[in-house]
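Good morning, and thank you for coming.

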Amino acid sequence: MKRLRHPILPRVLAAALPLLTAAALPALAAEGSTPDLEAGRRTFDSVCAACHGPTGHADPENPTVKALDPQPADLSDPLFNSREPAEDWRIVVTHGGQALGLSATMPAQGAALNEQQIRDVVAYAKTLAPGSEAYPPGELNFFLPIRTKKAFPEDEIVWKSRLTDRDGADVWRNVLEVEKRFGKRSMGVVELVHEDDGTDSEITEVEVGAKTVLHWNLARRSILSGAVVVAFPTDGDASEEIIPYLAYGRLFAERWMFQSSARLILPVDDVDMGEAEFAAVVHYRWTQWPRRVFPALEFTATAPFDDGGGDSMQWTVLPQLRFGLTRGAHVALSVGAEIPLSDQSYDTRWHLSLLWDFADGSFFKGWR
Ligand code: HEC
């Protein structure tokens, strides 16, 4: 491999520094008091078991259960149980299913049970899926950022659109991403990239990849994942790219979600033409209610391996808004403007992304 004119490492480290600092933040104070699981079990048996069954798995032969439409969620399924944050379950138990776009058949208990009882019964319901400790908990599923890669594995379809405002020729890029979980902590992804530069409008790339959660800590509210994506250009002359990345997420100070990612883009034909890309974002989650508007600020830094002798590190800032569209925000929209902070070939990039978490039900559920 040819020697690089400028050592890449110091610049890469300089860009990664803020991300490393955030990882060193102190642990979150534990939320509230420790739940009383025994009290939670008693509440569950007397209030919830009639529909959900004492084990959390509703008996389909039971006449009460038979009469229910839809059927109660299976709380003993480790994938389902682990992926739903306890906070969402407290909302559902307090305000009823329709609060998060589920069926009103799941009754509100806010009048019958006090806050501590709801905390206890939800904590108990969380223990009903043996083996769920092997799955990353939904508490660590942070909002999808525009550029930063996300650590949590998803069952999701995402449409990302980007309009690059460039003197003369605007470029419109659309990516359709299908993500599907497999195993206990992994996810496969297929992406179709379409570009339109005013003259040509075509599919330019197909990407295939997999991501796995490497480590998480629920008490610290942190999660780290590793992934590899391979990009296949449709233009025979262009090189395939191998794109490994690390993605990190961390909740701090209760309402602030920090996420960061580091990616290498490695053209198979000539690795020296590759680049390293860092991104970090903070979302302000000012309420537990998902159907709200949440602000976020994102930064990116891109360092080409071969910088042509100059300082070619590129920085951008990307203020954005997330709109939870459905009651449970299983359909959500983000919009943002990416503004270059260094010398770049474009003025502004406009981003829009629409996600549908299909594990939480049909696209059309929970809009009203
Ligand atoms: C009258 C029957 C009934 C009772 C009583 C009941 N549930 Fe439910 N519950 C349901 C049904 C039906 C659903 C599925 C709703 C849907 O998918 O639209 C559900 C869904 C849920 C969910 C899934 C939420 C999600 O994220 O999808 C949880 C958690 C839950 N119930 C917990 C409880 C707890 C805890 C209690 C007792 C305090 C309870 N339920 C009492 C019928 C009931």
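Let me begin with one term: two residues are in contact when heavy atoms of theirs lie within 4.5 Å. In that sense isoleucine 243 touches Ala227, Val228, Val229, Ala231, Arg263, Leu264 and Ile265, leaving out residues up to four places away in sequence.

A word on the source. This is a predicted model, in which local features need pLDDT of at least 70 and side-chain atom pairs count only at pLDDT 80 or more, while totals for chains, interfaces and linings use all residues. Residues are numbered from 1 along each chain as its sequence is written, and side-chain values use heavy atoms, with hydrogens and water left out.

A nonpolar core is a set of buried Ala, Val, Leu, Ile, Met, Phe, Trp, Tyr and Cys residues joined through side-chain atoms within 4.5 Å; buried means under 20% relative accessible area, exposed over 50%, and partly exposed in between, with a 1.4 Å probe and protein chains only. The largest such core has 18 residues, and Ile243 is among those with the most contacts inside it, as are Trp216 and Met257. Strands β4 (201–217), β5 (222–233), β6 (241–252) and β7 (256–267) each supply at least two residues of this core; strands are DSSP runs of E, at least two residues long, and helices are runs of H or I, at least four, numbered from the N terminus. A second, separate core of 14 residues includes Cys48 and Val93.

I turn now to the ligand. Which protein atoms are donors of its iron atom? They are NE2 of His52 and SD of Met106, lying 2.0 to 2.1 Å from the iron. Donors are N, O and S atoms within 2.8 Å of the metal (3.2 Å for Na, K and Ca); water is not among the atoms, so sites may look incomplete.

Histidine 52 lies in helix α2 (residues 37–52) and methionine 106 in the loop between α5 (86–95) and α6 (115–125), 54 residues apart. Histidine 52 is buried because its relative accessible area is 13%, whereas methionine 106, at 23%, is partly exposed.

Helix α2 gives the most to the shell around the ligand, with four residues. A backbone N or O atom of serine 103 lies 2.7 Å from an oxygen atom of the ligand, and a side-chain N or O atom of tryptophan 89 is 3.2 Å from a ligand oxygen.

Methods
A polar contact is a pair of N or O atoms within 3.5 Å; within protein, one must be able to donate a hydrogen and the other to accept it, and residues adjacent in sequence count only if both atoms are side-chain atoms.
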